[in-house]
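Colleague: I'm new to this one. Can you walk me through it?

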Amino acid sequence: MHAAVTTNEEHRHVPVLRDEVVSGLDPEEHGIVVDATYGRGGHTRAILARLGAGGKMLVIDRDPAAVAQARREWSGDQRIEIVHAPFSRLRAILDDHGLSGRVTGVLFDLGVSSPQLDDGSRGFGFAHDGPLDMRMDTESGITAADWLERVEQGELARVLRTLGEERFARRVASRIKAHGRFSTTGELAQVVAGAVPTREPGKHPATRTFQAIRIALNRELEELGEALPQAVDVLAGGGRLVVISFHSLEDRLVKRFIREQSRGDPYPPDLPVRHDMLRPRLRAVGKAVRAGKAEIAANRRARSAVMRVAEKVA
């Protein structure tokens, strides 16, 4: 029996698609599972409940607060290793632990976590006014305030348009750069709200801008693009890859990756090649999974979640 110490913070955090993640990973009693986005450990707890004494978990997070919470909660459990790093270092981390090629499951729960959004001091949202930070790793990199001060107006408009799908990207970028230095999330939200002429029901006009800045600042799509091939490398034959995305840019990247890895080597289409010569690395498992009505009613964050599962071809 492995006891875990929980706090009010962990009780408030509800992992999205928890049961579906466990089903998708289908962990064996002696499996080796990587939770590459620990957050506050909701998925980790559910997975560990399926692992026996011979099982092992390695959890990774780039957020120092998440790592500190993991170390508090799991200090007495010999099955778990905790690493502070971006998941783009996945292969190097697994090499260091002697686990590459032996892993039975890898999980990515992408985007910003509820505790990060709810903590005004992190600067991810505008429900609570706070410093304009937005860094996933508060120990490295520049803040969103610094980034906005340095970025050129044209590049900012491109980021807002491509990463936030903001229709009024040029107008918003112009107002942001005209304002000058920002100090708080509330200050930025107010300027953006004044620049967006139309309102979407149930959505703050600055939502798209905050999303775009956060994704760009933390290189979220680049990190994912680097990590997905590494996940396949570290998996054993028959091991499972599970990815939860929260917006179309992430999901499109994941869907394309699984499709390409399932096709195998990219031979010219007119070349006569047998299927067994293509050497596919993955096979898709089932269709995309979304949260049900009950989960969405209990956790609004689940409404945009899309989970995809793939298995490494032995």
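Modeller: We'll take the pockets, then a helix pair. This is a predicted model, where local features need pLDDT of at least 70, side-chain atom pairs count only at pLDDT 80 or more, and totals for chains, interfaces and linings use all residues. Residues are numbered from 1 along each chain as its sequence is written, and side-chain values use heavy atoms, without hydrogens and water.

Colleague: What volume does the largest pocket have?

Modeller: About 1,200 Å³. A pocket is an open set of points on a 1 Å grid where a 1.4 Å probe fits, with protein on both sides within 12 Å along at least five of seven lines, and lining residues have an atom within 4 Å of a point. The volume is the space filled by probe spheres set on the points.

Colleague: Which residues are closest to its centre?

Modeller: Of 35 lining residues, Val-112, Leu-117, Thr-207, Arg-301 and Arg-303.

Colleague: And which helix gives the largest share of that lining?

Modeller: H11, with five residues. Helices here are DSSP runs of H or I, at least four residues, numbered from the N terminus.

Colleague: What about the second largest pocket, how big?

Modeller: Its volume is about 150 Å³. H13 supplies the largest share of the lining, four residues.

Colleague: Back to H11. At what angle does H8 cross it?

Modeller: Roughly 105°, with the axes (lines fitted to C-alpha atoms over the stretch in contact, angles running from 0 to 180 degrees between N-to-C directions) coming within 8 Å. H8 and H11 are therefore roughly perpendicular, a label for 65 to 115 degrees.

Key. Helices (H or I, at least four residues) and strands (E, at least two) are DSSP runs, numbered from the N terminus. Angles under 35 degrees count as roughly parallel, over 145 as roughly antiparallel, 65 to 115 as roughly perpendicular and the rest as oblique.
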